Amino acid sequence: GEDTEWVTVKYGWTSPSVDDWIAVFSPADFISGTCPNPARDPPLLCTAPIKGSVRFQLINQRYNFSFALFTGGLENPKLIAVSEPISFKNPKAPVFPRLAQGKTHDEMAVTWASGYDISEAYPFVEWGAVGSGAAAQLAARSPAGTLTFSRGSMCGEPACTVGWREPGFIHTAFMRNLWPKEYYYKIGHELQDGSVVWGKPYTFRAPPSPGQNSLQRVIVFGDMGKAERDGSNEFANYRPGSLNTTDTLVKDLDNYDIVFHIGDLPYANGYVSQWDQFTARVAPITAKKPYMIASGNHERDWPNTSGFFDVKDSGGECGVPAETYYYYPAENQANFWYKVDYGMFRFCGTPQHAFIERCLSTVDRKHQPWLVFTAHRVLGYSSNDWYAMEGAFEEPEGRESLQRLWQKYRVDIAFFGHVHNYERTCPVYLSRCMTSEKSRYSGTMNGTIFVVASGGGSHLSDYTTAIPRWSIFHDRDFRFVKLTAFNHSSLLFEYKRSSDGKVYDSFTVDRDYRDVLSCVHDSCFPTTLAT
């Protein structure tokens, strides 16, 4: 009944060496003679090993496992022995649910993976209100849709060759007409004989209605990736801080309500098995809190696939796993353009100009005073060293077409990922600080505060040696950001390091609706004194 298990591998042979290593493969049959697209270089394997060590933490990934002993190190490996295959009791069981807010505030989506196609079993979620007596709700069942993708969906190597692994089936169900209170749920599959294969039970709190005046707490970070709990290596092993971020957020589950992961999720880079590993790693969070994602360069970018950046950062995935493994309330899942109304917040996420203006212009600031913009690449301001070398302190063609929109609609905070450090600007417009205040903002906001909130776990980036005046705090550490709206007039911003969960930078915003309406530079409509 478990979805994660520790396995100890015992081994030995006649010529032990410091260059020996053990890998775990899934599916268990990984020798090249049985697969259509083996690796081009020795060892000729069907698929990449999913990790390597002596004591392994395995997750249920729908197939069996085998362990292989190699010598010769990673540069010149020679296969010595292969174990008998092992598997979970039910490799097809539903695992690792991911909650996400739906297209309306009273809708919650839950997505999970299993080995059951719709022809074998009917996927559903069973759910109801937590409580007793009149507060309790009889269990309801909502059917789930089923998706998958194939090797042919991948755009290049290694995703379509050695990095390929069957993703199983991805199911999404919706729990609708929710009140802002506690609910329980359990994912399941009804087999042809009427029996049910259940996942684990969980609870969540439904989102507040737009404008609801209650305590609302939001986590924001980007660029986390995944590290291995058992200390083993895997193919893109350069994310040392991701376990710290995950563990700190798991310990603090009761003190936040929703998470925004603004791009670069597992850094799978074409090794599809890493998506399962990532969903398992963040499952203690995603099973209880809505987890809203954005697309980063390591999810989407690949040459000649209609992207602005003609690079190979996704390892041939071109967005397909991200768009399938996770739900987000976009009109078209192929486009990561969507808004989220969460109580007193509105989040607008995309670099697409027309969508942004529609999202920013339709919010009612009387009831949703806190307006937040998110994107993966830095479309605002960053003193990262490679931006500084280009002289722009931003992505190419970033803020030039957007900053007048941010100013016109008085965006409070703009969050970005991609650059693996933390940085906060003053309220800024056209590269100029609009106030000298650094930690307490009150009254009219004359500009937008830009925050680089990546570095959730991936390798850290450097700053330029000549820090611009608009940069008022920066820190090179693994991190996340927390926003707390106490009411319609008071907002607290906190930057926390993942290593200890302590606050290292913060500011407050105190203002009323009339302050939002006040004219600031380039934000007012023409006026007249005519009566």
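Visitor: What is Y291 in contact with, leaving aside its neighbours within four places in sequence?
Guide: Y291 is in contact with L99, A100, F221, M224, V259, H261, F278, V282, I285, T286 and Y326. Contact means heavy atoms within 4.5 Å. This is a predicted model: local features need pLDDT of at least 70, side-chain atom pairs count only at pLDDT 80 or more, and totals for chains, interfaces and linings use all residues. Residues are numbered from 1 along each chain as its sequence is written, and side-chain values use heavy atoms, with hydrogens and water left out.

Visitor: Which residues have the most contacts inside the largest nonpolar core?
Guide: Y291, F415 and F493. That core has 94 residues. A nonpolar core is a set of buried Ala, Val, Leu, Ile, Met, Phe, Trp, Tyr and Cys residues joined through side-chain atoms within 4.5 Å. Buried means under 20% relative accessible area, exposed over 50%, partly exposed in between (1.4 Å probe, protein chains only). Another core, of 17 residues, lies apart from the largest one. Among its residues are A129, A173, Y183 and F204.

Visitor: What does A129 stand opposite?
Guide: Y183, in strand β12. Strands are DSSP runs (E, at least two residues), and helices are too (H or I, at least four), numbered from the N terminus. Strand β9 and β12 (residues 182-191) run antiparallel, joined by 9 bridges. Two strands pair if DSSP finds at least two bridges between them. β9 also pairs with β10 (residues 140-147), antiparallel, over 4 bridges. There F124 stands opposite P143.

Visitor: Why is β9 largely enclosed by the rest of the structure?
Guide: Because 8 of its 9 residues (121-129) are buried.

Visitor: Switching to helices. Which residues of α1 are buried?
Guide: In α1 (residues 242-251), they are S242, L243, T245, T246, T248 and L249. Their cover includes β14 (216-221), α2 (273-286) and β26 (479-485).

Visitor: And T484, buried or exposed?
Guide: T484 is buried, at 6% relative accessibility. T484 is found in β26. Not counting residues up to four places away in sequence, T484 touches L215, Q216, R217, S490, L491, L492 and E494.

Visitor: Now the outside. Which residues form a nonpolar patch on the surface?
Guide: I31, L79 and V82, with about 220 Å² of accessible area together. Such a patch takes residues with over 30% relative accessible area and no salt bridge, with nonpolar side chains (Val, Leu, Ile, Met, Phe, Trp, Tyr) joined within 5 Å. A salt bridge is a side-chain nitrogen of Lys or Arg within 4 Å of a carboxyl oxygen of Asp or Glu. Areas come from the Shrake-Rupley method with a 1.4 Å probe.

Visitor: Where is I31?
Guide: In the loop between β2 (21-25) and β3 (51-52). I31 is partly exposed, at 38% relative accessible area.

Key:
Patch = residues over 30% accessible without salt bridge, like charges linked within 9 Å, V, L, I, M, F, W, Y side chains within 5 Å.
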